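The following paragraphs lead the reader through one structure, from its overall make-up to its individual side-chain pairs. Please keep the sequence and the model in view while reading.

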Amino acid sequence: MAKYGKYRSMQELLEAKQGGVMVNDMLEGVVENIQKIRKELKKPKSQRWSRWIIDNELRHDLVSLNKVIKQLKRNAKLN
């Protein structure tokens with residue numbers, strides 16, 4: 001069962017009380033991260049980041065996109 005009511009974490013609870021995440025900021029951050037990863041993958045293999053760093057960056061992007069999707073769903077329910 002969720003520790004903070006219907007929210008999974010304290011962060012989700014704070015976002016819900018403050019009106020949610022800033023969708024534009026999150027999407028801009030994801031776009032910047034993807035551009036950074038694309039530049040990195042164009043480099044020769046010996047000069048690239050390790051696959052763990054790239055995996056971590058992509059995981060961070062997924063978390064951000066999931067927050068945006070949750071916020072859009074909340075907005076759709078309100079309207």
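A residue is called buried when its relative accessible area is under 20%, exposed when that area is over 50%, and partly exposed in between. With these terms in hand, the face of helix α2 turned away from its buried side can be described: this face carries the exposed residues Asn24, Glu32, Arg38, Lys39 and Lys42. The model in which they are seen is a predicted one.

The protein chain contains three helices and zero strands, and its pattern, read along the sequence, is α-α-α. Of the 79 residues in the protein chain, 23% are buried. Among contacts in the protein chain with a separation of 6 or more, 60% are made by residues 24 or more positions apart.

Helix α2 comprises residues 23-42. At 1.5 Å a residue, its 20 residues should span 28 Å, and the C-alpha atoms at its ends are 29 Å apart, which agrees. Which residues of α2 are buried? They are Val23, Met26, Val30, Asn33, Ile37 and Glu40. These residues cover an arc of only 120° around the axis, which places them on the same side of α2. The buried residues of α2 pack against α3, residues 51-78.

When its neighbours within four places in sequence are left aside, valine 23 is in contact with Val68 and Gln71. Valine 23 and leucine 65 are 42 residues apart in sequence, while their C-alpha atoms are 9.1 Å apart in space.

The charged side chains come next. Side chains of opposite charge can pair when their charged atoms come close. How many salt bridges does a search of the whole structure find? The search finds three. One of them joins the side chains of lysine 36 and glutamate 57, with an N to O distance of 4.0 Å. Because lysine 36 lies in helix α2 and glutamate 57 in helix α3, this pair ties together parts that are 21 residues apart in sequence. Lysine 36 has a relative accessibility of 36% and therefore counts as partly exposed, whereas glutamate 57, at 18%, counts as buried.

A further salt bridge is formed by the side chains of glutamate 40 and lysine 43, at 3.4 Å from N to O. Glutamate 40, already listed among the buried residues of α2, has a relative accessibility of 7% and so counts as buried.

In another salt bridge, the side chains of aspartate 55 and arginine 59 meet at 2.8 Å, N to O. Both residues lie in helix α3, four residues apart, which is about one turn of the helix. Aspartate 55 is partly exposed, with a relative accessible area of 33%; arginine 59 is likewise partly exposed, with a relative accessible area of 49%.

Aromatic rings complete the account. The structure holds zero aromatic pairs. A ring does, however, take part in an arrangement with a charge: the charged end of arginine 51 sits over the ring of tryptophan 52, at 4.1 Å from the centre of that ring.

Note on methods. Residues numbered from 1 in each chain as written. Predicted model: local features only at pLDDT ≥ 70, side-chain atom pairs only at ≥ 80, totals over all residues. Heavy atoms only, no water. Phe/Tyr/Trp six-rings, centres within 6.5 Å; stacked < 30°, edge-to-face > 60°. Lys NZ or Arg CZ within 6 Å of the ring centre and 35° of its normal. Helix = DSSP H or I, 4+ residues; strand = E, 2+ residues; numbered from the N terminus. Expected span 1.5 Å × (residues − 1). Buried < 20%, exposed > 50% of the residue type's maximum accessible area, 1.4 Å probe, protein only. Arc of directions from axis to C-beta. Contact = heavy atoms within 4.5 Å.
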